[in-house]
Amino acid sequence: MSAAVDYLAQEKIWFDKLRYDEAERHFYERMNGTSHPAQELGANSILQDIARARENIQKSLAGSAANGTGDQGELVTQIKILELENHSLRQVVEDLRSALSKLECRVSVLEKSPSPAPCTNATSVQLKTTSAPVEEEDDDDMDLFGSDDEEDAEAERIKEQRLKEYAEKKAKKPTLIAKSSILLDVKPWDDETDMAKLEECVRSVVADGLLWGQSKLVPVGYGIRKLQIQCVVEDNKVGADLLEEEITKFEDYVQSVDVAAFNKI
């Protein structure tokens, strides 16, 4: 509400214009001698009201001007603070750029510098110089009875013995055999197929790493039942494809073979 009053005060709206017009009319009538005492009294009161209104308008304008000056001063202060902060940020950015450029220069210098290969060469030279006297000493102290050959044979014998012990130890260590549990669905041709004979044919499939388990007959529809049989196989010896191929060889009883479930053990 106060903001609206301040806005109206700044807009300089003349709310009492009618009263002022009436006062002006009475003033001119009085000047022309056509006014009455009562009218003169009313005109005087109106003139006083006009004077008070003018004074109030001047006060409100002075107050609004003062407020505007204060707000403008605060705005100028904030602008100065922002300029200082901007200047400091620019200085920080410049410092970072200079540090980055110095770092890039150092990296480029390090990349162009050669690797410290002379150190290894010096070491090898020292080794060669130190090994030379040893060879001379070996030549001076040569064993004429072949002791070096005996030591080499003994070392070779120890090496072969250790390799043999390692191989025996590795052979005794039990190896983990990967196994899988497979559930097969064996479907007959029709409801007249002898399911007992079909199961006998399936179990007649024998292979290394194959172990047959439980079985049951599951209804399919229209009086037809399928044989559901489980087996455990070693993965590196027997696979599901091999079982399907061997079972489907009994064409008189078996129509198809499907893998219902396959789980690692």
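Glutamate 154 and arginine 157 lie 3 residues apart in helix α5 (residues 147-172), which means that about one helical turn separates them. Helices (H or I, at least four residues) and strands (E, at least two) are DSSP runs, numbered from the N terminus. The model is predicted, so local features need pLDDT of at least 70 and side-chain atom pairs count only at pLDDT 80 or more, while totals for chains, interfaces and linings use all residues. Residues are numbered from 1 along each chain as its sequence is written, and side-chain values use heavy atoms, with hydrogens and water left out.

The side chains of glutamate 154 and arginine 157 meet in a salt bridge, at 2.5 Å from N to O; a salt bridge is a side-chain nitrogen of Lys or Arg within 4 Å of a carboxyl oxygen of Asp or Glu. Glutamate 154 is partly exposed at 37% relative accessibility, and arginine 157 is partly exposed at 43%. Here, buried means under 20% relative accessible area, exposed over 50%, and partly exposed in between (1.4 Å probe, protein chains only). A second pair, glutamate 94 and arginine 97, is 3 residues apart in helix α3 (residues 37-112), again about one helical turn. An α-helix has 3.6 residues a turn, so residues three or four places apart point the same way. The side chains of glutamate 94 and arginine 97 form a salt bridge of 3.7 Å, N to O. Glutamate 94 is partly exposed, with a relative accessible area of 43%, whereas arginine 97 is exposed, at 55%.

The structure holds 10 salt bridges. One of them joins aspartate 185 to lysine 226, with the closest N and O atoms 3.1 Å apart. This pair links distant parts of the chain, since aspartate 185 is in strand β1 and lysine 226 is in strand β3, 41 residues apart. Both aspartate 185 and lysine 226 are buried. Salt bridges also link Asp208, Glu234 and Lys237 in a network. Glutamate 234 belongs to strand β3 and is buried, with a relative accessible area of 14%. Apart from neighbours within four places in sequence, glutamate 234 is in contact (heavy atoms within 4.5 Å) with Ile177, Ala178, Lys179 and Gly209.

In helix α6 (residues 195-203), the residues Met195, Leu198, Cys201 and Val202 are buried. These four residues are on the same side of α6 because they cover an arc of only 115 degrees around the axis, taken from the directions from the helix axis to the C-beta atoms. The buried residues of α6 pack against β1 (179-188), β2 (210-221), β3 (224-234), α7 (240-247) and β4 (254-264). On the face turned away from the buried side, α6 carries the exposed residues Ala196 and Glu200. The N-terminal end of α6 is capped by aspartate 194, a side-chain oxygen of which lies 3.3 Å from the backbone nitrogen of alanine 196.

Helix α2 (residues 17-32) contains tyrosine 28, which is partly exposed at 48% relative accessibility. Phe27, Tyr28 and Met31 form a nonpolar patch on the surface, with about 360 Å² of accessible area together. Histidine 26 also lies in helix α2 and is buried, with a relative accessible area of 11%. Histidine 26 and isoleucine 46 are 20 residues apart in sequence, and their C-alpha atoms are 9.7 Å apart in space.

Note on methods. Polar contact = N/O pair within 3.5 Å; in protein donor to acceptor, adjacent residues only side chain to side chain. Patch = residues over 30% accessible without salt bridge, like charges linked within 9 Å, V, L, I, M, F, W, Y side chains within 5 Å. Areas by Shrake-Rupley, 256 points an atom, 1.4 Å probe, with all protein chains shown as cover.
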